[in-house]
Amino acid sequence: MNNGVIPLILLALGMMSQAVHAHSEHDKARFVAAAGKDEGRCDNRFRPCKTIAYAAQQASKGDMVLVASGDYPITTQQDLFYLVSEIVPVKGGFSRVDHFQIQNPGMHTTTLTGVPAKYAEALHQQGFLVIADGKRDDKLANLASDAMSLMNSAQSAAPCNEGESAGFACRNLSLMSHVPLNELGQNSTSANDIWGHVDLNTGKEYAIIGLRNGVSVVDVTDPESPVVAGSLSGDWTTWRDIKVYQYYHTASREWRAYAYITADNASEGLWIIDLNDLENGISEAGRTNDDSRAHNIYISNVDYSLNIALPGTTPQIHITGSENYGGAWRSYTLKNLQSPGASYLPEGLDRSDYTHDASSLFITDSRATTDCVNGDASGCLVMLDFNEQSMRIWDHTLTDSAAELSSVSYPNVEYTHSGWWTEDGQYAIVHDELDESYAGLNTTVHFFDISSLTNPQLVATWTGDTTAIDHNGFVRGDRYYMSNYEKGLTVLDISDPTAPLEIANFDTFPSSDNTAFNGAWGVYPYLPSGNLLVSDIQGGLYVIKDNSVAMEDNQVSFESDDISTAADGTLNVTVTRTGDGAMSVFYNTLFGSARTNDFTAADGELSWAAGDTDAKTISIPVAANVSTETSESFFLRLYNPQGGSITPGKGLTQITIVGEDNVSTGVVSFAAAEKTVLEPNTELALEVERQGGSSGQLTVNYALRSDTSVVSSDVEDNNGKLTWNDGEAGMKTIMLTLIDDDEEEAEETFFVDLTASDEGLFGDYASIAITIKDDESNEAPVVNAGNDQTVNATATVTLMGTATDPENNLVSVQWSQTGGDSVTLQNANAEESSFSAPSEAQTLTFSLTAVDEFGVESTDTLTVDVESNETTTVITPPVNNSSGSGGGSTSLPLLLGLGVFTLMRRKRRG
């Protein structure tokens, strides 16, 4: 293990410059001192700000506020929320003398007055001396308790009445249910993004919400009684993003779906969650590590209510803000849903091309040929790239390449964050996450005319009535649903995108509407029911009823959301309306199990003149069934209303073509094309499933086939038959026995083949490749717990270890305390963990253990010496008084001397 000389020298050199401006949104500290001034961005350690609240409002997610010694009165509940925030942690015990370099709460007393007693211990762990303050303490405690209770306890459905719903401020939005963090699983301390999913096999609706340490799936089919379906643990991180892809699996005659999850400031890779057995929970389906971390994920060419492919398009995954290619967006094919492969790599791009987020729209009008480079009469896939300082527009019609069409910015640009597009494809909506903080603006959202993809124009800027930060937003019909951090959910009427109007809101964060990273992180407005899902950092999951359309005179809706029809005829689907003003709405069909040979796809526009209140019909020709064809379904949706709105929950209908559902023999298949096993595990169970039907008896043969692994030498030979009786479906099992030898071997493969006289009896996988991994050739993980440390009492201590596996198959890492007074390790199952040092001088010992897929463990240890504040030696540098409120600078020789002095006092392991 190396000593810390070089890092300390580099730290000292780094202090010589304060002019570095970071591209990313989460790599700064903010500095506070009692004699500072609340001006600027608080990111200059030589010119700190004065108050914690002001500094917190200048911070980005993931920044940290460092507070120097002094007295800081806490007078509002907003101050309390800033202090206990995990998104922007606040730490005390620093000093202006060493320019906030070392946390030493004992030497640099940072006093908070007026803090309710319930928060005292947590703030003490953050390096503060906490003093309660009589009546003000009681009053503040009551205010904070009321706000915390709303967010931390499940709330029941309540209409929005006189500006309040279940205690939350509201306008035209009502609470249907609330699932707080403590009920979402994994004991998470905060939430992040959210997406929705409807299981097309069951019709049940789900919320998928990211947590600081994992993900949770909640059944919201009954929106007033949600049920957690399951949760999984993951790396400890502020940032997760989630999208879903669903498709119809013909062989099994069922829909299958997976959630795709990215995490920033983590090493999870692309995490794939199986959503195919939600009645029994969730499980991991796979993971790819082409990008070990990424800020966001997006899936193009899908309908976001059903998460299924748009007709005539190829869905792709797009990763943004990863460690590769400077963070520029890149694409992956969904041919293998459990292991997506790269389809477009942005070769030649660098950090200036960083994409924070992305969205896309499929253009089918004249722009596909006039503006796009690779588009044609069938369409053009347009990517919107939110590039920190601009919105860039790309033609990504070819899945393996991209051509930039234009780039556009706007006044007061600080951090171009994310955006969406209107359903007519003529406007793009853009969020800047830092303009409220840095430019002193109220909530600001920009609207661009993209009728020319090569020359987009800013045509409107919406300004809110508070300074709350806008985050992410999505269009449904003529509404824009926006997560607005401390203001909660904000809804804009964008029937005229050049003049957007606020029409509704629901305040999930009742404490304040300030410029800070608390409150609503994400929103999902696409559930077929029309219900809205909101993820709140502190509050968890909110299910909200959208009343914003109810005030509209002109509305359209399907007469029914579930239609059955006979084959071989014309289906007429009724669309009704309310009001008598002129309006129109577009419609199109989406494929399900029914395809082009089952019905004629339809798309078009319905129009009503002023005074016309009659229902209208959409006619869809339905083909004749073949003699044994089973029931099949497709979907019809309404979108892009003009002059009115689509009634929530009434813009999508499922159409079933009735067939013969009890005549299919079904097919037989392995679950996958390949499987990897470990040699010490001698018993192997292979499951074979009859799926998609159960009519008649069905028999298949199975046999083993040698490849690099030899049958009878590496695996005992086995062959036989599997039989399903008439009416029987489901799983049968083939049991194999591996031969565990003492030889050191490379990976070897053999096959198990299914055969039958009728090849039509097989589904996706009639053969499976079994790869055997040898335990004798396996190498143990390599673990380094990091340098021993000497720290001050009550300081925050970070343990920074590393763990790698020569075969790249690390299963887990775990920090454990092995000596000294017990401390609470945060994020103990990651390479980087932290804790607050005890208040008494002593020696603490810790171990970092890594385990590989064979169960082989490696462990390394480190020692943390905690020094009492009385024994800590401090060299006080001279202060340059000419630098005003920002303090002075420290000479490089003195800083190096401090570093060497510290190193001489550290104890090293033998």
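The S-S torsion of Cys 372 and Cys 380 sits at about -90°, so this disulfide is left-handed. Keep in mind that we're looking at a predicted model here. The sulfur atoms of Cys 372 and Cys 380 are 2.0 Å apart, and both cysteines are buried.

- Number the bonded cysteines in sequence order and the pairing reads 1-2, 3-4, 5-6.
- As a reminder, a disulfide is a covalent bond between the sulfur atoms of two cysteines.
- Cys 42 and Cys 49 are joined with an S to S distance of 2.0 Å, and their link is left-handed, with -100° about the S-S bond.
- Cys 42 has a relative accessibility of 2%, so it counts as buried.
- Cys 49 counts as buried too, because its relative accessibility is 0%.
- For Cys 160 and Cys 170 the S to S distance is 2.1 Å, and the torsion of about 100° makes that disulfide right-handed.
- This pair links distant parts of the chain, ten residues apart: Cys 160 is in the loop between helix H5 (134–152) and strand S7 (164–165), while Cys 170 belongs to strand S8 (residues 168–171).
- Cys 160 is partly exposed, at 25% relative accessible area, whereas Cys 170 counts as buried at 8%.
- Why do those two get separate labels? Buried means under 20% relative accessible area and exposed means over 50%, so the 25% of Cys 160 puts this residue in the partly exposed class, and the 8% of Cys 170 makes that one buried.

- Strand S32 (residues 473–476) is covered on both faces.
- On one side of S32 you'll find Gly 473 and Val 475, on the other Phe 474 and Arg 476, and all of these are buried.
- S32 runs antiparallel to strand S33 (residues 479–483), and four bridges join the two.
- S32 and S33 make a hairpin with two residues between them.
- Gly 477 is in the turn and has a positive phi of about 65°.

**The open sheet**

- Four strands make up an open sheet with mixed pairing, in the order S44-S41-S39-S46.
- Its edge strands are S44 (616–622) and S46 (645–646), each of which pairs on one side only.
- Strand S39 (residues 555–558) and strand S41 (residues 569–578) run antiparallel and are joined by four bridges.
- Gln 555 has Thr 578 as its bridge partner in S41.

**Around Thr 333**

- Thr 333 belongs to strand S22 (residues 330–333).
- Is Thr 333 buried or partly exposed? Its relative accessible area is 21%, so Thr 333 counts as partly exposed, given that buried means under 20%.
- A polar atom of the Thr 333 side chain lies 3.2 Å from the backbone nitrogen of Lys 335.
- Setting aside neighbours within four places in sequence, Thr 333 is in contact with Pro 340, Gly 341 and Ser 343.
- Thr 333 and Thr 600 are 267 residues apart along the chain, and their C-alpha atoms are separated by 28 Å.

Note on methods:
Residues are numbered from 1 along each chain as its sequence is written. This is a predicted model: local features need pLDDT of at least 70, side-chain atom pairs count only at pLDDT 80 or more; totals for chains, interfaces and linings use all residues. Side-chain values use heavy atoms; hydrogens and water are left out. Buried means under 20% relative accessible area, exposed over 50%, partly exposed in between (1.4 Å probe, protein chains only). Contact means heavy atoms within 4.5 Å. A polar contact is a pair of N or O atoms within 3.5 Å; within protein, one must be able to donate a hydrogen and the other to accept it, and residues adjacent in sequence count only if both atoms are side-chain atoms. Two strands pair if DSSP finds at least two bridges between them. A disulfide is a pair of cysteine sulfur atoms within 2.5 Å.
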